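Thanks for coming, everyone. Please take a look at the structure on the screen, and I'll walk you through it.

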Amino acid sequence: MRMEKIVLEKVCWKVKATTAFQFLQLYYSLLQESLPYERRNSLNFERLEAQLKACYCRIIFSKAKPSVLALSIIALEIQALKCVELAEGAECLQKHSKINGRDLTFWQELVSKCLTEYSSNKCSKPNVQKLKWIVSGRTARQLKHSYYRITHLPTIPEMVP
């Protein structure tokens, strides 16, 4: 692993993790291709993306595998649409992605709960008067001074190994 990392650094190859958004794009495009032309507008990608963003506002979803989270969101949307063709496509994606049925069900329940709470009155705007930004002196200098009250924080000494 160490040698692989060294070789990748030497050839300037940047390895990036695949995100749930990338899986969402991939799964969406695969499902769209499997549908007849007149049914291709049944899934709305912007809605799926908004649901993913809502989920990522909760720390618990950072523990989910990106592929499982993306498929959970899509599967819930397909259940709401009650489209047999899409349901079969989602099952096919689950099989090819080697996603365990129990894992998918577990994350679907969490996504469903999150989206229900997100759309309810319980999730309302916070009281703006109670919110207070505290930024470091360096950050405050880069921001417009008229908009922020500058609070001076003590400097953290750097430890050089």
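Of the 161 residues in the protein chain, 27% are buried. Buried means under 20% relative accessible area, exposed means over 50%, and partly exposed is in between, using a 1.4 Å probe and protein chains only. Keep in mind that this is a predicted model: local features need pLDDT of at least 70, side-chain atom pairs count only at pLDDT 80 or more, and totals for chains, interfaces and linings use all residues. Residues are numbered from 1 along each chain as its sequence is written, and side-chain values use heavy atoms, with hydrogens and water left out.

Now the fold. The protein chain has seven helices and zero strands. Both are DSSP runs, numbered from the N terminus: helices are H or I with at least four residues, strands are E with at least two.

Next, contacts, meaning heavy atoms within 4.5 Å. Take the contacts between residues at least 6 apart in sequence: 69% of them join residues at least 24 apart.

On to helix H3, residues 45-55. Which residues are buried there? They are Phe-45, Leu-48, Gln-51, Leu-52, Ala-54 and Cys-55. These buried residues pack against helix H2 (20-34), helix H4 (66-81) and helix H6 (101-119).

Now the core. The largest nonpolar core holds 32 residues. Such a core is a set of buried Ala, Val, Leu, Ile, Met, Phe, Trp, Tyr and Cys residues joined through side-chain atoms within 4.5 Å. Leu-69 and Val-111 have the most contacts inside this core. H2, H3, H4, helix H5 (84-96) and H6 each supply at least two of its residues. Which helix gives the most? H4 does, with eight residues. In soluble globular proteins, nonpolar side chains tend to be buried together.

Look at Val-111 again. Setting aside neighbours within four places in sequence, Val-111 is in contact with Cys-55, Phe-61, Leu-69, Ser-72, Ile-73 and Leu-76.

Ser-67 lies in helix H4. Is Ser-67 buried or exposed? Its relative accessible area is 12%, so Ser-67 counts as buried. Neighbours within four places aside, Ser-67 is in contact with Phe-23, Tyr-27 and Ile-99.

Val-7 is in helix H1, residues 2-10. Val-7 counts as partly exposed because its relative accessibility is 47%.

That's the tour. Questions, please.
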